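Please read them with the coordinates open.

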Amino acid sequence: IIEPLEYIESLKTRKLFIAIDTSGSVKGNIVEKFIEKTYNILKSTDFFSVNTEIHIIQCDSEIKDVKIVHNPDELEDYIKTLTLSGFGGTDFRPVFDFVNKLVDNKEFTKLKGMIYFTDGYGTFPQKKPDYETAFVFLQNEYNNLDVPPWAIKLILNSDEI
C-alpha cells in the first residue's frame with residue numbers, strides 16, 4: 001500500500017487513508033500506538049518527500065471524525081492531541097462509502113489503499129473496492145473468520161505496535 005513514487009508521478013499528491021475503528025471494544029492507548037507506528041513507518045520511507053495527504057478517519061458504526069494531515073509535523077500534532085470519538089457498534093461500510101464517493105467524484109486518482117485498524121468485529125463491505133485494503137488486527141483480540149477474501153489481513157501482537 002505504501003510504495004515508492006514513480007518518477008512520472010512525482011508532481012502528484014500522494015493520498016493514504018487510515019481508518020480507525022473507534023467502537024467500544026477498541027482501546028485508546030492501542031490506537032495511539034498504532035498511529036505512532038504507522039507514522040514511524042511512513043517517516044522511514046520517502047512518503048513525505050512530495051505533496052502528501054493522509055486522511056485519518058475515526059468510525060464506529062458511522063464516521064465520527066476525518067482529519068487530513070500533509071506532513072510529519074501535522075501528523076505529530078495529531079498524535080499529541082488525539083481524541084477518539086465513537087464507542088458504539090462497528091460497521092466498516094461507512095468508511096468505504098466515504099472513500100468510494102471521493103474516488104467516484106474523481107477527487108483523486110490512483111488511490112493505492114487504505115489501512116484499517118480494528119478488532120475485526122463489524123460489518124464488512126460485500127464488494128471489493130478498487131484499491132487495496134489492509135485490515136490490521138491485534139492477535140489477542142482477533143478471532144473473526146468473516147474477513148472478506150479480498151482484504152489484506154495483518155495480525156500483530158500488541159508488542160509489535
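This is a predicted model: local features need pLDDT of at least 70, side-chain atom pairs count only at pLDDT 80 or more; totals for chains, interfaces and linings use all residues.

The points below run from the overall fold to single contacts.

1. The chain has 3 helices and 6 strands. Along the sequence they follow the pattern β-α-β-β-α-α-β-β-β.

2. The chain has 161 residues, and 45% of them count as buried. Take the contacts in the chain with a separation of 6 or more: 61% of them come from residues 24 or more positions apart.

3. Aromatic pairs. The structure holds 12 aromatic pairs. One of them is Phe 96 with Tyr 116, which is stacked. Their ring centres are 6.3 Å apart, with 15° between the planes. Phe 96 belongs to helix H3 (residues 93-104) and Tyr 116 to strand S4 (residues 113-117), so this pair ties together parts that are 20 residues apart in sequence. Phe 96 and Tyr 116 are both buried.

4. An edge-to-face pair. Phe 124 and Phe 135 also form an aromatic pair, this one edge-to-face. The distance is 5.1 Å centre to centre, and the planes make an angle of 75°. Phe 124 sits in the loop between S4 and strand S5 (132-138), while Phe 135 sits in strand S5. The two are 11 residues apart, and the pair links distant parts of the chain. Both Phe 124 and Phe 135 are buried.

5. The ring cluster. Which residues do ring pairs link into a cluster? They are Phe 92, Phe 96, Tyr 116, Phe 124, Tyr 131, Phe 135, Phe 137 and Trp 150. Both pairs described above therefore have their members in this cluster.

6. Helix H3. H3 has 12 residues. From first C-alpha to last, H3 reaches 16 Å, close to the 16 Å expected at 1.5 Å a residue. Its buried residues are Pro 94, Val 95, Phe 96, Val 99 and Leu 102. An α-helix has 3.6 residues a turn, so residues three or four places apart point the same way. The buried residues of H3 pack against S1, S2, strand S3 (63-69), S4 and S5. Just after H3, check Lys 106, which takes a positive phi of about 55°.

7. The S2–S3 hairpin. S2 and S3 pair in the antiparallel sense, over 6 bridges. A hairpin of 3 residues joins S2 to S3. Within this pairing, Gln 58 stands opposite Asp 65 in S3.

8. Salt bridges. Side chains of opposite charge can pair when their charged atoms come close. A search of the whole structure finds 4 salt bridges. One of them joins Asp 46 and Arg 14, with the closest N and O atoms 3.4 Å apart. Asp 46 lies in the loop between helix H1 (28-43) and strand S2 (52-59). Arg 14 lies in strand S1 (residues 14-21). How accessible is each partner? Asp 46 is partly exposed, with a relative accessible area of 33%. Arg 14 counts as buried, at 8% relative accessibility.

9. Glu 53 and Lys 15. The side chains of Glu 53 and Lys 15 meet in a salt bridge, 2.8 Å from N to O. Glu 53 is in strand S2 and Lys 15 in strand S1, 38 residues apart. This pair, too, links distant parts of the chain. Glu 53 has a relative accessible area of 18%, and the cut-off for buried is under 20%, so Glu 53 counts as buried. Lys 15 is also buried, with 19%.

10. Surroundings of Lys 15. A polar contact of 2.8 Å joins its side chain to that of Glu 53. Leaving out residues up to four places away in sequence, Lys 15 touches Glu 53, His 55, Glu 107, Phe 108 and Leu 111.

11. Lys 64 and Glu 62. These two form a salt bridge as well, and the closest N and O atoms are 3.3 Å apart. Lys 64 is partly exposed, with a relative accessible area of 35%. Glu 62 is partly exposed too, with 44%.

Note on methods. Residues are numbered from 1 along each chain as its sequence is written. Side-chain values use heavy atoms; hydrogens and water are left out. Rings of Phe, Tyr and Trp (its six-membered ring) pair if their centres lie within 6.5 Å; planes under 30 degrees apart count as stacked, over 60 as edge-to-face and the rest as tilted. Helices (H or I, at least four residues) and strands (E, at least two) are DSSP runs, numbered from the N terminus. Buried means under 20% relative accessible area, exposed over 50%, partly exposed in between (1.4 Å probe, protein chains only). The expected span of a helix is 1.5 Å times one less than its number of residues. Contact means heavy atoms within 4.5 Å. Two strands pair if DSSP finds at least two bridges between them. A polar contact is a pair of N or O atoms within 3.5 Å; within protein, one must be able to donate a hydrogen and the other to accept it, and residues adjacent in sequence count only if both atoms are side-chain atoms.
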